[in-house]
Amino acid sequence: MGDAPAQGLVKNRLREARLARGWSQGELADRVDASRQTINAIEADKYDPSLPLAYRLAALFELPVEQIFFNPFVAGGED
Amino acid sequence: MAVERHQKKIWKAGGAALLAALVVGLASGVVIVAGQGRVPLVVIVLACAALTGAALLATTPWWRRLDHMARDAHLTAWYWGASFGGGVALLATIAASGVRAPLFQGAALVFLAQVAAYGVCWLGWWAMRRPKAS
């Protein structure tokens, strides 16, 4: 198990998942009741989502959380 | 540029909170003016605490509608920004007027009240998160 990552270092592929659905950041934000700025910051790896928001996004995209947010504590997690 | 539904909800709740806070502010003004010299200080303090609490309660819908990141921004800004601003103001007040001046005493009272309320809030936050005894 590695050291804890600094804030904003959990990599993700939220942008890919969103674009695959053809949604804008604003549309995605409304679907998960968050702000567009939050979605933008998460996609830019500038902010880690709260656990409920991460699960909400995963449920929306019908994917396991770790297929959107890569676990930095496991080998190969930060792809 | 389209405004997201989430943002509209925040603005509505924020507007309502601001309006409620203004009403409470006006009511506080009436209480303070009416109470000066005629009502015991403890009653004035309790009335002001109730009115300030009401103003904060009025902002609850706005606070609950904010997402985690927006709340985080406010909490971070309050801790670092407000602490810094308050510290500078307190020290500058001492430098400019000395510790015996009413200006400094007022500033110190605000600071002490904030520290006390911070402590109560901090303890309450942890107390609410204690696991129930099995």
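Two residues are in contact if their C-beta atoms, placed from the backbone, lie within 7 Å. Keep this cut-off in mind for the exercises below. The model is predicted.

**Exercise 1. Describe the side of chain B that touches chain A.**

Solution. 
- Step 1: Count the partners. Nine residues of chain B contact 12 residues of chain A.
- Step 2: Find the elements. Helix H1 (5-35) and helix H4 (68-97) of chain B each give two or more residues to this side.
- Step 3: Sort the chain B residues by class. Three are nonpolar, three are polar and three are charged.

**Exercise 2. Work out how H1(B) and H2(B) are oriented to each other.**

Solution. 
- Step 1: H2 covers residues 41-58 of chain B.
- Step 2: Read the geometry. The two axes come within 8 Å and cross at roughly 175°.
- Step 3: Apply the cut-off. Angles over 145 degrees count as roughly antiparallel.
- Step 4: Conclude. H1(B) and H2(B) are therefore roughly antiparallel.
- Step 5: List the contact. From H1(B) come Ala17(B), Ala20(B), Ala21(B), Val24(B), Ala27(B), Ser28(B), Val31(B) and Gly35(B). They meet residues of H2(B), including Ile44(B), Cys48(B) and Leu51(B).
- Step 6: Sort by class. This contact has 13 nonpolar residues, two polar ones and no charged ones.

**Exercise 3. Do the analysis for H4(B) and H5(B).**

Solution. 
- Step 1: Locate the partner. H5 spans residues 102-128 of chain B.
- Step 2: Read the geometry. The angle is about 155°, and the axes are 9 Å apart.
- Step 3: Conclude. H4(B) and H5(B) are therefore roughly antiparallel.
- Step 4: H4(B) passes H5(B) in a left-handed crossing.
- Step 5: List the contact. Gly86(B), Ala89(B), Leu90(B), Thr93(B), Ile94(B) and Ser97(B) lie in H4(B). Their partners in H5(B) are Leu103(B), Phe104(B), Ala107(B) and Phe111(B).
- Step 6: Sort by class. Seven residues are nonpolar, three are polar and none is charged.

**Exercise 4. Describe the spans of chain B that UniProt marks as "transmembrane region".**

Solution. 
- Step 1: Take the positions from the record. The unreviewed UniProt entry gives residues 39-63, 75-97 and 103-128.
- Step 2: Check residues 75-97. The span is 100% helix, and its end C-alpha atoms lie 31 Å apart.
- Step 3: Check residues 103-128. This span is also 100% helix. Its end C-alpha atoms are 38 Å apart.

**Exercise 5. Divide chain B into domains.**

Solution. 
- Step 1: Read the bounds. The assignment gives domain 1 (1-66) and domain 2 (67-134).
- Step 2: Taken over C-alpha atoms, the domain centres of chain B are 19 Å apart.

Note on methods: Residues are numbered from 1 along each chain as its sequence is written. Chains are lettered from A and ligands numbered from 1 in the order in which they are written. This is a predicted model: local features need pLDDT of at least 70, side-chain atom pairs count only at pLDDT 80 or more; totals for chains, interfaces and linings use all residues. Helices (H or I, at least four residues) and strands (E, at least two) are DSSP runs, numbered from the N terminus. Ala, Val, Leu, Ile, Met, Phe, Trp, Tyr, Cys and Pro count as nonpolar, Asp, Glu, Lys and Arg as charged, and the others, Gly among them, as polar. UniProt positions are given in the numbering used here, feature names are shortened, and annotations may be inferred rather than shown by experiment. Domain bounds come from an automatic or database domain assignment. Axes are lines fitted to C-alpha atoms, for helices over the stretch in contact, and angles run from 0 to 180 degrees between N-to-C directions. Angles under 35 degrees count as roughly parallel, over 145 as roughly antiparallel, 65 to 115 as roughly perpendicular and the rest as oblique. A crossing is left-handed if the near helix is turned anticlockwise from the far one by less than a right angle, and right-handed if clockwise.
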